[in-house]
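Biologist: I would like to learn how to read salt bridges and sheets in a model. Could you walk me through an example?

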Amino acid sequence: MAAAAASALAGTLGRLARVCGRSVRPGAGSLWSATRRIGSQSTPFPPGYTPQTSLSSPPWPEVVLPDPAEETKCHTEVVRKVNELIATGQYGRLFAVVHFASHQWKVTSEDLILIENHLDIQCGERIRLEKVLLVGGQDFTLLGKPLLSKDLVRVEATVVEKTESWPKVNMKFKKRKNFRKKHIIVSPQTVLRINSIEIAPRLL
């Protein structure tokens with residue numbers, strides 16, 4: 001019985017080989033020989049060749065840095081024009097961005113700002129806001145990195161009022177538990193009036 005099974009398997013494999021042989025076109029070689037023939041006909045890459053991909057050349061345009069000499073010349077011209085505007089007083093109304101009490105404020109003369117904090121100064125006292133990030137006029141703006149020099153700009157303010165905020169009620173309640181908790185939050189506030197914003201007569 002084993003011999004009959006072996007002969008049947010051999011016959012099946014023979015027929016399968018004949019069918020596969022007929023399906024291949026006459027004169028065509030194996031897949032391996034065709035691959036080797038195509039690879040031998042391709043042109044070799046030159047030494048140091050790098051394919052053009054998104055890693056070798058990014059899709060965005062290349063950033064061209066300005067010439068240092070040209071940049072210095074442009075900076076000198078801008079400073080000269082700003083000095084002329086300051087000397088003639090043709091800069092309009094000045095504005096500034098100051099950092100005070102963990103907040104940044106854009107202010108100009110006679111502005112009122114509300115500080116959500118208690119300041120240890122009395123009403124009517126005059127203070128100076130030293131952390132100035134930016135100051136500008138009608139035709140120019142000076143930016144700090146991050147702050148402007150104290151000799152360049154001076155911002156003064158007066159304390160006009162010290163008060164408290166409107167009460168905020170924080171209520172907690174659980175039904176059928178006989179639990180009720182009420183907490184009233186009142187925070188101190190200080191009102192400042194910006195007196196003046198002064199800029200140095202000349203940039204350094």
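Modeller: Happy to! A salt bridge here is a side-chain nitrogen of Lys or Arg within 4 Å of a carboxyl oxygen of Asp or Glu. Keep in mind that this is a predicted model. Arg193 and Glu110 form such a pair, with their closest N and O atoms 3.8 Å apart.

Biologist: Which parts of the chain does the pair of Arg193 and Glu110 tie together?

Modeller: Arg193 sits in strand β10, while Glu110 belongs to the loop between β2 and β3, so the bridge ties together parts 83 residues apart in sequence. Arg193 is partly exposed, at 31% relative accessible area, and Glu110 is partly exposed too, at 49%.

Biologist: How many salt bridges does a search of the whole structure find?

Modeller: Six. One of them joins Glu84 to Arg80, with the closest N and O atoms 2.6 Å apart. These two residues are four apart in helix α3, which means about one helical turn separates them. Glu77, Arg80 and Glu84 are linked in a network of salt bridges.

Biologist: Now the sheet, please. How do strands pair in general?

Modeller: Strands of a sheet pair through backbone hydrogen bonds, in a parallel or an antiparallel way. In this model, four strands make an open sheet, ordered β3-β10-β7-β4, with antiparallel pairing. β3 and β4 are the edge strands, each pairing on one side only.

Biologist: Over how many bridges do β3 and β10 pair?

Modeller: Over four bridges, in the antiparallel sense. To find one by eye, look for Ile115, whose bridge partner in β10 is Thr190.

Definitions and conventions: Residues numbered from 1 in each chain as written. Predicted model: local features only at pLDDT ≥ 70, side-chain atom pairs only at ≥ 80, totals over all residues. Heavy atoms only, no water. Pairing = 2+ DSSP bridges. Buried < 20%, exposed > 50% of the residue type's maximum accessible area, 1.4 Å probe, protein only.
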